[in-house]
Every structure is written in C-alpha cells, then in structure tokens.
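This briefing is meant for a reader who is meeting the structure for the first time. Please keep the sequence and the three-dimensional view at hand while going through the points that follow.

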Amino acid sequence: MEPITDGAMLSPWEPGVFSLVLFGLLVLAFIGFQLFIAHWVGERKESREKSRVYESGVIPTGTARLQFPVPFYMVAIFFLLFDVEGVFIFAWAVVFRDLGWTGWFQMVFFIIVLLVGLAYIWVKGGLDWRESHRPK
Amino acid sequence: MIPFQAEDAIHMTVILATLTPLVAFLLIMLGTRARKNLSAGLSLGAIAISFGCSLLLLARLWNVREPLEYSTRWVALNRMEIPFGFLLDPVSLLMLSIVTLICLLVQVYSLGYMAGDPGFSRYYAFMSLFAWAMTSLVLSSSLLQLFIFWELVGLSSYLLIGFWYEKFSATQAGKKAFVMTRAGDVSFLLGLILVLVHVGNPAILEMNSLDSAGLMPSGILTFAALLIFGGIVGKSAQFPLMTWLPDAMEGPTPVSALLHSATMVAAGVYLFARLFPFFALSPTAMGIFLFIGTVSMILASTMAMVARDIKQVWAYSTISQLGFMIMGLAAGGYFAGVFHLTTHAGFKALLFLCSGVFIHTWHTNDIFELGKGGARRLKIPVIALVVAAGALAGLPPFSGFFSKEAILAALALSSHPVWLAAGLLGVFLTAYYAFRVLCILLFPPSAGEEPSGPVGGLAPAPKGSRQEGSSRTFIWPLIILAFLTLLLGFFQGPLQHFLLGEGKALLVDHGEQAGWLPFTALFLSLAGVGLAWAEFGRCGAARLSFVERIPFLRELFSRRWYLDHFYHFFVDRIVDRGFSKLFAQNDNRVIDGSIEAVSRGTLEAGRFLAFLQSGMIQYRLLVSFAVMVLLSLYFFYRDSGGF
Amino acid sequence: MKWMLFGPETYIFLVAFFFLILSMWRGPHSEKDHVLALALSGLGVVISLACLGAEGLLFAGAYRLDLFSQVFKVALSFGLFLIVCLCANVEEIKRRYRLEFYFFLFVCTLAMMLLVSAQHLLTILLALELSSYSLYILVTLRRDEDMGLEAGIKYFLTGIFASSIMIFGMALLYGATGAVYLQDLAQVLPEVMGTPAAVIGLLLTFGGFFFKLAVYPFHFWVADTYQGAPDQVTAYIATASKVAVIAVVIKLIAAVDQNSTYLIHVLAVLSIASMTLGNLAAMVQKDMKRLLAYSTIAHSGYVLIGILSGGTAGYASAVFYALALLVMKFTVFLVVVVLSPRGKNLEREELAGLHGRSPLLALALMVSIFSLAGIPPTIGFMGKFYVFMGAMDKGLFVLVLIAMINVVVSLYYYLLIIKAAYLGHSWETPPAVHLPQPMRWLTGALIATMMVAGFYPTPLIRLSEAVARSLM
C-alpha cells in the first residue's frame, strides 16, 4: 500500500477548510429543504390503518414487548461464535500444505481451545433448552 | 582500631540529636502506647538527649568559622544529584538549640497540662515526631531535604492541632492550617524545582554561593526567590495567608506554644535566614519581602488590639513579630532578624505557657473573664507574664528590647524612611496590645471588692490533686524561660560574633548612625504601655480601647480586615457552590437516575433502553469523539500553519 | 529455546486454563480456591522475576522482550498477587462464578503482559481487547446484580466505543504510513506528520488507551464502574490495569514522538482537563470507591505530564509514578475491601472511628492517602517531584503550575478521608476490625514500602531510568 503523503488530503480545492464548511452547510441546507418540502407539500391523513406497524401487511396481534426465551438467544450466540471460528479453519485448509506441521499444530491448539470452550458451555448448562436444568 | 576522630564525634552527636526523637516516636507508636508514663518518659528522654547534643555542638563549634557539611548522595535524578546530610553553621546550631530547648520545656510543661487526657501517649508520640522533623529541618543540608521535613513538620502540626478531636472546630482548624500552609508549600516546591532546574543542585551552600547568580538569569532568580518566599508566607502566616494561625490556636496550649510561636512558624523565618545570601541576590525580591513583612506586621498588630481570646492575641502577636523579623532580614539586617527570632522564641513560648496556666485553671480563653476570675492571684505565672510582655513590648532590660533595636537599626539603613516609620508604629502597637492584655488580667474592675470567690459563675477549677501535683511541671519551664528572657538580651555581642564572624559583619554597627533611634523606640513603647494603662489599668478606667470607640475600625480589626470573608467567599461561591454543585447535580441526574432506572425493573429490553436514555451514554460518547477530533484538527492546523 | 522467553505468559496462561478446567470439574470452594490462587500467583511473581533478564523478539518481531516489558511483567504479576491477597473474602462475587473470577483475573493479567510486549499494532489491539473483555465480565460478577450489571454495561459500551475509535485510528495510521510495527512507525511517521490522516489517526489510536487510562474525555465510565464493580475488581482495575496501560502509552509515545510539539500540546490539554475534572469531581463524592475513581482520573493526568515531558527523564518519571501508584492505590483499596460492609459500598463517613477500630488500617490509610496527595516523605511525593522535575526541565512551567494547584485542591478531599478516619466518631461504635496475621504483615510491608521509598527512592529511580533507557 502506498502511504498517502499528500498534505492537502482533506480538501482538493485550494481554500481548504472553507470549501469543507461550505459543503457541509450546503448539505445541511439541502436536507433541510427536502424535509421542509415534504412536510409542506405532503398530504396528511391520519387513519388507523396508516399508523399500523406494517401498513399493508400482517395485522399485528398483541404487544411487541413479549419475553423471548433466553436459551434461544444463547444458542444463537453460540452458533455465531463457532461459525465464525470455522472461517479460520477454512482459511487454514486452503494453505494447509504451505504451512506444514507448524500450522497443523497451531490449528490443533486452536481447536482444542474451542473444544474446551464448548465443554465449558455444555457443563455449565448453556446448551440446555429447558429452564429446569439451570446450573447450581 | 580506627582512632577516634573529633569529626566523628561531631557526626555522631548530630545523628544522635536528630534521630532520638524519631526512635521515641516509633517506640511509642509501636509498643508503649498503653503505658502513659513510659511513653512520656521516652519522649522526654529523647528530647533531653537532643537538647544535650545540641548544646554540646554549640559549645564545640562556637569558634568554628567554616560551615561543616556532612552529606552523601541521596537521589540522582536525571542528571542532577541531590545530597542528603547535615549542615552545621551558626544559624542552624542556634536554631537547633532553641528548638530542642523549647521542645523540652514544653514537653515538661505538658506533663501537667495533658495529665489525664485519654490520648496522652499519642500526644507525646506526635510531640516526638514533631521534634524529629523540626531538628532535621534545621540541620538539612539541601533544600529538597529541608522541604521534606518542612512538610513533615506541617503534618505533625496538623496531627497536634487536631489532637483534641472532641472539639469539632479543632479539626476544622487543623484542616485550614494544613491547606493554607500547603498552598504556600506548593509555591515553595515550584521555586525549588525552578532553582533545581537551573542550578542543578539544591544544596544550601551551593545556592547561597554567588555562583547561582551566574547560573540563573536575574528575572528567573527573582521569580524563584518569590516562589520560595511563598512557602515562608504560608508557614510563618504572613500576609495574605495569615488567617490560619489564630484558628489553629484551638489545639492544646502547649502545642500552640511550641508550634505556633516558637518553632514551627518560625521555620519560615529560619528558611529566610538560611537562604539569606540567595535572596539577597535579588534586590527586587527583597523589596517585596520587606513590603509583605511590613503589611503582616501592621495588620496583625491591629487585629491583636481588639481580640478577646488570650491565645488569639498572642497568635496575632506572633504573626506581627514574624513580620517584624522578615522586615529586619529583608532590610539586610541578617543578624537582627536571627537575633529577634531567638529572643522571640523564648518570650513567646513564655507568654503561651503562662496563658496556659490561666486557661487550665479557669477553663476560659477570654481575657476579661480571666481577669475577673482572679488571674492575678497566681503569682509566678503573673510575674513571668509581665516579663514576657515586657520583652514583647520591647522594654529594657528584657531580651525583646535588644533585638527590636537591632531590627529598627537595620530598617533605618533601608532605602526609604517609610519602613522605619512602619517599624516604629509597630513598636507602639505591640507595646499597646501586650499591656492591654496585661492590664485587663491584672486589674479587673472589681479588683478591690472581690478578690476571691467565684465571680460571674466562673469558679476556679476544683483544686484537686491533679492540679496540685502538676503545678511543679507548670512552674519550672516558666521560671527557666523567664530567666532566659531576662538574660538573653545581654548576649547580643557574643551572638553577633558567633553568627557573623570576626570581620565580615553584614551590617555596619548601628550605634553611631542613629543615636536617637533607641530612645525614640523606647519612648514609643512606653507610650503604648501608658495608653494601655490609661484605658484598662488605672482605677475607674473605661475599659474600652480607643479602637473600640470607632465602630468601623473595631469591625475591621476584629474581622481580620475581612481576609477570612474573602477566602470564604472564594471557597464558598466558587468551589463549593460552583464546581461541587455542578458535579453533584451531574451525579444526581445522570448517575443516580440511571441506577434507579435499572433497579426499578428487571432486565427487560425496554427498561434497558430507558436506562440508556437516562444515562445519556451516547451523548457522552459523542462528546468524547468530538473532543478527540477537534483536538486533532486544531493541532493539525496549528502545526501545519494552514489555517 | 526461545519459548523460555515466553515463560511468564505461558505460566499465567496455564494457570488460567487450570482454573477454567477446575470450574468445570467442581464447584467453588472459597477457602481452598483462594489458597490455590495465592500460591499460583505467588509462583507467577517468582517466574516473572526469573525472566527479568529476558531479551529478544518473538513471533516474527511482533513481540518484543526487553527490560521495559519484563519489569512491567513483574509489576503486573505482583499486582495480581496483591489482588489475590484481598480475595480471602469474596462475598461480593456471585458464588457460582468464584472460580471463573480467578480465571478472568489471570486471563486479564496475561493480556496485559502481552500488551506491554506487543510491537505490532494488531497484537496491541488484540491484547488490549482481551484484557478489556475479561474486565467487562469481571465487573458484572457482583452479587448485587443491578449494580454490577450497570457498571458492566457502561464499561462495556464506553470500551467498545473506544476500541472502535482506536481501530479507526489505526487504520488511518496504517493508511498514512503503511507501517504496522512500532519501530517502522517511528521511522515513517515524522515524514507524514503534516497530514491529517496521520495526525487524526494517531490521536484516535491513543483514544483507546486513554479510555483504559481514564483520561478526559474517556473518563466517565470510571466512576460508575468503580462504584458498581466488586471491590477486588475495582482494586484490580485501579492498580494492575492502570500500570499496564501506562506502560503501553509510554511505549507508544516513545515510538511515535519525534519531538512533535503537536503531540505534547494535545497531551498537555488532556492532562490538564483530567486533573482538574478529577479533582473537582472528587471533592463532592461520598462513596469511597467513587472518590477513588475520580482521584484516579486526576492521577492519570499527572502521569500524562511525565509521559509528555518525553526523553529518558520523562518516561522514567512516568514509570516511577506507575509503580508508585500500584502500591498507594492498592493500600487504599486494601482498607476499603477490609472495611466494606456486606453487599454495599464503603461510604466515607463509615470510616469514622477507624483509628479506634484498627490503628494499623488507619495508619495504612493515612500513609497511602498522604502518598496519593503527594506529601513528603512518601513515595507519592517522590513520584510527583520526579514528574514535575522532568516537565520543568522541558520548560513546561505553566503545566506544572496547574498541576500544583490541582495538588492543593486534591488535598481537600484527601483530608476529608483522613479526618473521617482519625477524627470522626460514629454514634454506635462498630466492632474492632479483625485482621488475620498475614494481612497485618502485608499492610505493614506496604506502609514501610511507601515510607522507605519516600526517604530513599534511589534504587527505584535507577530502575525506572534503566527501564526508560531500554525503550529508546
């Protein structure tokens, strides 16, 4: 990668900060203008249908603030964790021969660490779906 | 066997003189706190040994002209080396003797004064700690070492003032004293570092030699001198940091006698004398010192004129006398200042110890009440008090007369007659307030009618066995100090010889130049005494001073020239109500609010969001980010000069 | 044989692993676990001491061992040992997590050891994150769920924010210089110092460390986290974790600072802001841990002075100050941990009558507080003196002046503590504090260390100078 050594990187124009400020102001003005126009020109008709969560979809039932079972969340997280670790193994597999035994040992170590983590989750009841199996 | 050298003997004596109190402190703190008599004995023994050693040193080195320095490398910081050791020269030896003597006497006195106090052992432990710190301060060979012990002295004074912790105000006073002197010390440390950076060596001899003038530009030298003088101002309670001393008087009276008159506050003046050649390199700084000394002297004298609390009168008087010494020193009268330091230590300790007897007997500090209670019946303390007040007022043949004359002579040589005039005014005021107290105590209005018996509900304390038994420990220190006060003045010649050496008198003898001066001063003191007598002493006197007839002046003086109000205003408005409130509010709203928000409910998602809202964490994070970016932008444009 | 160089880290890693396995094997057993952890962390100190002389490069130059890193590793393992000493009574930690508590303590120490040796930007990042994540969890382990969780979440949010800023900064820095090793960075950086990418990148990179160091403007997690975390964890964050971060900041600044006034000014501004804000806010605090949190912010400001002074002298003074902080802060926390009422934080007023309850603890508190306040003859005074000397040498008079004023301001609240401990009295007299004999020895040793190092700091100063020189 080439180091960027150009001194005036922030501003290609000579006036420097001035242009930056001007640009920022213009952006703000533009956004403000749009919002204003939408507010001014737009027609407002309040109706029950319109204020639904899904305006033209499934009719919601009950409140959104219900309790999710925690195990679901935990399993999702664990899956994500081990899934991401798997990516390393794929990368290693591609250059398996180049890395040789050193790489193999390193990957074994990595997997052992993962397995210990898995064992920990297991022993502590992280994978139990039911409430009754809470650890001591 | 190595032959025993005279040098080694001196070395050993010095170590003995400084370290025995520390040993006593440690022993008391570690082992003997439960046994009162043993603790007191240890402390007394230690300080007695110290005193003996200092006398030995004084006698041994009386004729040695060159200062002796024993030092070893202590810290090597960066490229400079900081020595640690002892510096023995006339000033330090003289001061050492004063300190150990007063410490010894006060500790003996305390045997009676503090008898029966629950913290008796602790009191003696702190006394020993103080003695160690003070002796080490006096003998320090480098300024940094001096600073460390200077702080230790402040610390032990904090502990000693706050000693009576049943009294709430005593602790407040302790805090005030500590913080105010610290403000001065910070300035001292800054000055010290400034000197260190330029001279590269904080050894006192090094600083005092004329080389330091070459090493520092004169502007910096003046600045450093002023900064170091800030420490003196704090410690010696000079203007504008003068208000802590009267408040510090709430501790036990012996402590006031020891710390706040004779030794600790005098350390400031001692430092001045110690660095006198260094300070003298900067005439500008000396001029400012002269000014500050004068202002403190006059302000404190006026405050003393209206105070009713006997200890406060002496506290103000201490400030004013210290100011007087600083005037003398700043005017170039090296010997005069040190001499007054010596005599003042004696008579001011005497004043406090006498007052202590009264306070101990009648349990009040108010001079009018004490007078009514019949203070005049305690013969020996009264005689001692008269001697001490005479010395304070500058009456011959007491020691104060001689030293005051010396300072006035130095002032007469100073650049402007206004200093001399101020000095003379001070003499008058001093004599007036000293004898005001004396007259009130000795000639209560009802003196003829009711010489005995309880007056105004104030009975003398029950003459129990405790008081009878302790009276001897009260009386002997008084007698010794009174004799000292009587005799010390006649040692002016030898002392001058000792301090200044044969030929190199820093100041020309004053006798021929201002022959009228002693008489004028004497006349002014007598006038002050006379005025006090006329207003308070004589039969049928109005018992109202001329100051109190003028409401404006009375208010001004008794409210300490509104200095405290100013500090209060500053601390209250700006620190307490300003910053602290701001932070307290911030805490209440942001932090406590969020704790409540969390603890109200369990960890539902909605609650969680509510907590985030009330914690406003995202705004704070935004602020952090903005600060970082703004900082980098600012410095980028400043650095590259593009904007 | 290069692996021997990696001794302390390997050892700490194995111990952490051991505790993890143990936590699966059996339930917690407070007393046994404590003795075990004490022995293992003590051995860790010995091993770090044995590896004090190690020098060399590991992992393709991404990991550097020199006197600097090894001394800090000793300090860290010593800090860990001290903290474990406080864990005899971990009532505040949820019972089922007591073994994991040790696990995370060791992992965090491991991460900090990696941090002081790391030379590669990514290694630094990883080590920093590892230590941060251990701390996030440690903070939430408090038995009182609300407090622990609030503290943890605030800590976590600020932490990940700071990390993201830091990563952004590192990316910019890499873009500007093309260097990832600190030594390369030091060479390339002066040329590109004029570009905004380098300047902003550098500053944002420091943001991550300023967060850990609790410097303004990344300070506001400190008070809440200190307050909400279990006492032992707070002590750990305040001592060992601070030492590690100071070390890494020194290392980074030493690498990138080519006498650029730009960096000095930024650091000076942050230092002044931290000192002032910390001290002023500390004045009104009632909760001891909160108060100490704000005082920590102030102390970070003082340390920054040493760091920005630069040169061997400045870095040495910062190292000295870090080591001094370790001892002083730990002593205060020792008192706090011992005195804390069950399930609650220690209030300042609850110190009342401490002098009567336990003279030794009161003395320890007094000496350590005076040390923090910078009153001679304590180690804290020498530290401040050293730092200020370095700054004055550079001609930063105004900065030193402001710092001094701050020192006076800080006295106010420090004295309130002393006053409560020595002069305050409580209405009902609480029972005398019983300290086990080993704790008495420890307290005595800490007091002695602070005093002796105040009177005779030369060996420590020599050490700091040698450490700083190994950086250059």
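Predicted model: local features only at pLDDT ≥ 70, side-chain atom pairs only at ≥ 80, totals over all residues.

A residue is called buried here if 20 or more other C-beta atoms lie within 10 Å of its own.

**A buried loop residue in chain C**

- M193(C) is found in the loop that lies between α7 (182-192) and α8 (196-213) of chain C.
- Because M193(C) has 20 C-beta neighbours inside 10 Å, this residue counts as buried.
- Between M193(C) and T177(C) there are 9.6 Å in space, taken from C-alpha to C-alpha, while in sequence the two are 16 residues apart.

**Chain A: elements and confidence**

- Chain A contains three helices and zero strands, so that, read from the N terminus on, its elements follow the order α-α-α.
- Of the 136 residues in chain A, buried residues make up 0%.
- The mean pLDDT of chain A is 78, with 83% of its residues reaching 70 or more.
- Among the elements of chain A, the highest mean pLDDT (89) belongs to helix α1 (residues 17-41) of chain A, and the lowest (86) to helix α2 (residues 70-94) of chain A.
- Residues 1-13 of chain A have a pLDDT below 50, and in the model this stretch has 27 contacts beyond near neighbours in sequence.

**Chain B: overall make-up and one helix pair**

- Chain B has 27 helices and two strands, and 54% of its 643 residues count as buried.
- Among the contacts in chain B with a separation of 6 or more, 79% are accounted for by residues 24 or more positions apart.
- Helix α19 (residues 399-412) of chain B and helix α20 (residues 417-442) of chain B have axes that come within 8 Å and cross at roughly 160°, and α19(B) and α20(B) are therefore roughly antiparallel to each other.
- The crossing of α19(B) and α20(B) is left-handed, and where they meet, K404(B), I407(B), L408(B), L411(B) and A412(B) of α19(B) face W419(B), L420(B), G423(B) and V427(B) of α20(B).
- The residues of this contact of α19(B) with α20(B) comprise seven nonpolar, one polar and one charged.

**Chain C: two helix pairs**

- Helix α3 (residues 67-85) of chain C packs with helix α10 (residues 231-256) of chain C at an angle of about 175°, their axes being 9 Å apart, which means that α3(C) is roughly antiparallel to α10(C).
- On the side of α3(C) the residues that meet α10(C) include F68(C), F72(C) and L76(C), and among those on the side of α10(C) are Y236(C), V243(C) and K251(C).
- The contact of α3(C) with α10(C) divides into 12 nonpolar residues, three polar and one charged.
- The axes of helix α15 (residues 359-373) of chain C and helix α18 (residues 437-455) of chain C come within 10 Å and cross at roughly 30°, which makes α15(C) roughly parallel to α18(C).
- The crossing in which α15(C) passes α18(C) is left-handed, and the residues making the contact include L360(C), A364(C) and V367(C) of α15(C) together with R440(C), L446(C) and M450(C) of α18(C).
- In the contact of α15(C) with α18(C), nine residues are nonpolar, three are polar and one is charged.

Definitions and conventions
Residues numbered from 1 in each chain as written. Chains lettered and ligands numbered in written order. Helix = DSSP H or I, 4+ residues; strand = E, 2+ residues; numbered from the N terminus. Buried ≥ 20, exposed ≤ 12 C-beta atoms within 10 Å, placed from the backbone. Contact = placed C-beta atoms within 7 Å. Axes fitted to C-alpha atoms, helices over the stretch in contact; angles between N-to-C directions. Parallel < 35°, antiparallel > 145°, perpendicular 65-115°, else oblique. Left-handed = near helix turned anticlockwise from the far one by under 90°. Nonpolar A, V, L, I, M, F, W, Y, C, P; charged D, E, K, R; others polar. pLDDT = per-residue confidence, 0-100.
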